[in-house]
Amino acid sequence: MAESTQEKKIDYDFAAHERPLFEAWKDAGYFQRGEGFGKQKGKPYTIVIPPPNITGVLHMGHALNDTIQDTCIRRARMQGRPTRWVLGTDHAGIATQTKVDKKLADEGISRMEIGREAFIDACYDWYREYGATIVDQIKGMGCSCDYDDEHFTLEPGYVRAVRKLFVDWYHHDLIYRGKRIVNWCPHCTTAIADDEAEYVDESGHLWYLRYPLTEPVDELEYLVVATTRPETMLGDTGVAVNPKDERFAHLVGKTVKLPLVDREIPIFADWHVDTEFGTGCVKVTPSHDPNDWAMGEHAGLERINIFDETAHVVEGYGRFSGMDRDQAREAVVAAFDELGLLEKVEDHDHSVMTCYRCHTKLEPWESEQWFVAVDALKQDAARVVEDGTIQFHPERWKQVYLDWLANLKDWCISRQLWWGHRIPMFYCDACGWEDASVDDVEVCPVCGAPTRQDDDVLDTWFSSQLWPFATMGWNESGMDAPEIRTAYPTQVLSTARDIMGLWVARMVMSSMYCTGTIPFEHVIIHPTVMAADGKPMSKSRGNGVDPLRLMQDYGADGMRFGLLMQVTGAQDLKFNEAKLESSRNFANKIRNAARFVLMNLDDYEPGAPAPETPADRWIFSRLAGLVARVDEAFENFEFGEITRELYAFFWNEFCDWYIEFSKARLAGTAADRAVCQRNLAFVLDQALRLLHPIMPFVTEEIYQQLPINRTDAPYLIGAAWPDAEALSSYVDTDAERAIQMVCECVNAIRSTRARYGISPKTELAVVVKAEGADTALLEAQRDLICGMGNTASLVIGADVSKPAESSVSLAPGLEVYIVLSGLVDFAAERARLGKERDKLAKDVAKFQKKLGNPGFLAKAAPEIIEKDKAKLADLTDKLARLDAQLAEIS
């Protein structure tokens, strides 16, 4: 891996060339919201960055997402829209506290020793270091964020916004405090939301335990319960059976004596019980299992919490007290075995929840927490997606979002941490007064005694849900804030699928409540960047890729374009570094093409472009079609399609053909040279504008050298986006067909020379069979074909026959025969055609099988099916023509 990477490196300091351009854009004010221009002047365009956590550095997910956002914002800016990309970072409560805890521990310092205030100061020190680091890395990518108005989720204004939302929801009975089962991390000693838990498959066991009946029933002395967690039996307060299970109907209402603790607990019926699991009898521990909690509530069972906050057994349980849960499991199983109450043990694979930060197994644990009652909030959040007010891209994520909302339970928002937004609840222990307040309350308004603030902090997602509007002045002036009034809602949110519920849905809920409108119009769910082997990137696997290294090796432009080339509608993106190498080569191709054009503009006199020749009309028509297709792809956020269109036009059409067509004209008369210069400069300028949002540095560098009037747009970043409507007048289907055929003919001649080792200086006799009107179009381009193909003769017709001893090349609507008498071995030509025929036959079979698969036809989009059908038809036609040619030379 290291060797291949080394081979790809080139000796070029990309940053040295890129940074001055970035500073020039920034100093000129392009990153701030301007006035805009043209038809789009009155349409603000805003993106809020998903605020990166201050716990690390740029990773591949950031690199892809930031490229997508910058591409969108740069294009909107060039369209004349007043743009702003809101920048900022997230305090990332539990993640940052974990990092700072570890840093202090490495220094021999304990958080508990230095106290809350000193620890929070240490967290702010961490923020100042890592917050600045990741912003510098975002700058290195060329991202055109508003760096003059950077935000942080713990800045004073933002804190006030968070407090205001808490207070409003509290006073509207949307926030309440209560005892519930939560996912508790014994290592981080805090609650973890359901959405933040990670599921890990585990090979475990199913223990069958005997619970003696208090009094035997029909000679039955005990029930057998099956459990994956025998240690929690210390907190059992019931045994449940299914009401339809006739095996145990006569036992409902009886009791058992809980072994080890000698607690008498009832046998009751509940529909939660699965008759097929274990024995059909389940132990019920309301304080340590969500389902057991529900059954206990219904049956009125006592709740007994047997663990403390670090998952050790509390006092009152004899020898088990003080044991951690793993020790308690072994001891309980051993005790049952000693008493003859362990029936059997079976292997049992199941999933366990772990903390997303420290990966400790979570403990379902009863504790008093703060909750948001979500039912009153999620209806509007669902409606605006159902009716299309907010659109998801790809569209399939819409249903995932709606399903998540439909299943959303009340949200536990309190965290037992120090770093974060401290819950703005204030209490008076003297008289019992309590209330939520935006401002600190130091003295009880009822009795005048000192008050205290709640010790817990809010879930990080509670604060980040305000991000779209709290960063635009809402915290100060509400809906009267200038930014809110003129530029809200935002237009695009680009994010990863794993926080669609955690963040996206909650932003919608809070925005609908606080502002009465949606927070954004479009949600892009970008693919997750995976390693080349398809596995998640991670340090432990050693398969991670550093974006900073990629920018050093390929430049910011190469990395950005190479990443977007790999974006499809798929959920995952298998990272392919070769795409970045290809993109770096593309950037070099752009430079080389521009160098050729600039070298031939020494006597350039500005003037309007004039597509006079068929080649001119062809490239202008291709440019017009390109702009229309790129605009459509942008509207659908199809970034991979955009890169493919741009690459094909610039490399294949502009560089490989139009520049070649232009060389003779540049050496011609002064008048023809002047027209050719203007056309070259115009097409290059338009192509640079289309490329700029993705490849900002190389395009700006070249733009600055073009001898064009830049009075209205001194920098390409502020130049006008190509106007598809204005360019549509250049569409010329005849010119496109004519030059396409020229290219096919010349390609056929050149590939034949290469295949048979025929010198470019050797003139060749060429015969072209064309269809109908194509013959006239092609005949008009005879000089181009002869000049670029070096032909001895050229015959074009609809009824021409294949000459003896000639090769054949097939193209849409064309058959190009090249006479090879005395030049080649025809046995080899038959072998070549045979190989080509075999390959075509395999391709035909592949598409036939694909289109004959009912599963594919049921799941694939209609446009994909139609595209594949068209491809099959083309391949079938080529195969038939090849078969005919093989028959002729056999």
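Two exercises on a predicted model follow, each with a worked solution.

Local features require pLDDT of at least 70 and side-chain atom pairs pLDDT 80 or more, whereas totals for chains, interfaces and linings use all residues. Residues are numbered from 1 along each chain as its sequence is written, and side-chain values use heavy atoms, without hydrogens and water.

**Exercise 1.** Determine the strand order of the open four-stranded sheet and state which strands stand at its edges.

*Solution.* Strands are DSSP runs (E, at least two residues; helices are H or I, at least four), numbered from the N terminus. Two strands pair if DSSP finds at least two bridges between them.
1. The order is S27-S26-S29-S28, with mixed pairing.
2. S27 (791–797) and S28 (806–811) each have a single partner strand, so they stand at the edges and one side of each lacks a neighbour in the sheet.
3. S26 (residues 764–770) and S29 (residues 814–819) run antiparallel, joined by five bridges; Lys769 has Glu815 in S29 as its bridge partner.

**Exercise 2.** Describe the lining of the second largest pocket by position, element and class.

*Solution.* A pocket is an open set of points on a 1 Å grid over the protein atoms alone, where a 1.4 Å probe fits, with protein on both sides within 12 Å along at least five of seven lines; lining residues have an atom within 4 Å of a point.
1. There are 35 lining residues, and Thr568, Gly569, Glu638, Glu863 and Ile864 lie nearest the centre.
2. Elements supplying at least two residues each include S23 (520–526) and H28 (862–889); H19 gives the largest share, five residues.
3. The classes are 15 nonpolar, seven polar and 13 charged residues, where Ala, Val, Leu, Ile, Met, Phe, Trp, Tyr, Cys and Pro count as nonpolar, Asp, Glu, Lys and Arg as charged, and the others as polar.
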